[in-house]
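Let's take a walk through this model and look at how its chains meet. Keep the picture open as you read.

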Amino acid sequence: MESSNTNLFELQIDQSSQMYLRETAKWGKFIAIVGFIMCCLIVLAGVFAGSIFAATSSQFGTAYSAGLGVGAAVFYICFALVCFFPYLFLLRFSNQMLAALRTNDQQLLNSSFRNQRACYKYVGILTIILLAIYALILVFAGFGAMVAAGRR
Amino acid sequence: MENQQSSENLFGLSISEETKQELKTLSTWARITAIAAFVSYGISLIVAFIGRQYGEIEPTGASRVGSIIGALIMLAIGIPLNLYLLNFAKSTLASLHSADSNNLEDGFYNLRKYFKFLGILLIIVLICLGLVVVFAMLGALIGGLNR
């Protein structure tokens, strides 16, 4: 009884909202799948980076090019790992949203919104970290320029 | 239990207290992400205009024009995209405050537009990448034949 009362007075996800959410989930699924493929390509690029760098910078010596190759491989794989998680959250959101709309399952709907929240939280924190690093670089560059100007 | 299940099916999906909390934090983070994106676009535009001016190697006119055009393209794509996200966050938060279903619908409409824009952009990028690969292979083929 209580459940039906709350349903009556709560905000409802009406037909048009359902349609928008369904389309959102479909696009989200597409973006996530393409994102996963991109991540795989980045990992592949990382795996082959060693041989590519060994071929292009052999004039600096084998140890240098091998180190550069390993460094590039680690960088590419880390970058792919960082990119992987938002796509995972997005795929989970999309799958759960489509299932929730199909079965009218409130728990799945909540879970799908939770995954989308995780996706935005991840991207938001990552962007803020990148902006902070950028700001630090600008501050240090400005400081360096000031020191260099003072020495002249 | 069965009754509750049938009432859920009868009334469809609703915005329960838990959903409300999820949507509230989701909208807040969506807003933060959009604002952070706007800030990064602003910074990239500023850097494109005045970047490397105090460096040892002065950028040439062509490289500066290139970086400005790149930043402007990023701005032209990023601003409408993140405006959709910001509108989604605004409308959803407003609907949760006022229990207005029109605002909620508007929020989901903007979210759909955001994802659609992103998806179409991705398709365009994939087509461009495909074209680059095809032309590179053609170039290599013609180069190989000319030897």
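**Where chain A meets chain B**

Start with polar contacts: between chain A and chain B there are twelve residue pairs of this kind, counting pairs with both residues at pLDDT 80 or more. That pLDDT cut-off shows up here as this is a predicted model.

Which parts of chain A make up the side that touches chain B? Sort the side of chain A that touches chain B by class, and you get 21 nonpolar, 16 polar and seven charged residues.

Now zoom out to take in both partners. On chain A, 44 residues are in contact with chain B, and on chain B, 49 residues are in contact with chain A. Between the two chains, about 4,400 Å² of area is buried, and carbon and sulfur atoms give 69% of that.

Charged side chains get involved too. How many salt bridges are there between chain A and chain B? The count is four. For one you can find yourself, look for Arg117(A) and Glu22(B): their side chains meet in a salt bridge, at 3.5 Å from N to O.

Finally, have a look at the strands. Strand 1 of chain A pairs with strand 1 of chain B (residues 14-15), running antiparallel over two bridges. Zoom in on Gln12(A), and you'll find that its bridge partner in strand 1 of chain B is Ser14(B).

Technical notes:
Residues numbered from 1 in each chain as written. Chains lettered and ligands numbered in written order. Predicted model: local features only at pLDDT ≥ 70, side-chain atom pairs only at ≥ 80, totals over all residues. Heavy atoms only, no water. Contact = heavy atoms within 4.5 Å. Buried area = accessible area lost by both parts, 1.4 Å probe. Polar contact = N/O pair within 3.5 Å; in protein donor to acceptor, adjacent residues only side chain to side chain. Nonpolar A, V, L, I, M, F, W, Y, C, P; charged D, E, K, R; others polar. Pairing = 2+ DSSP bridges. Helix = DSSP H or I, 4+ residues; strand = E, 2+ residues; numbered from the N terminus.
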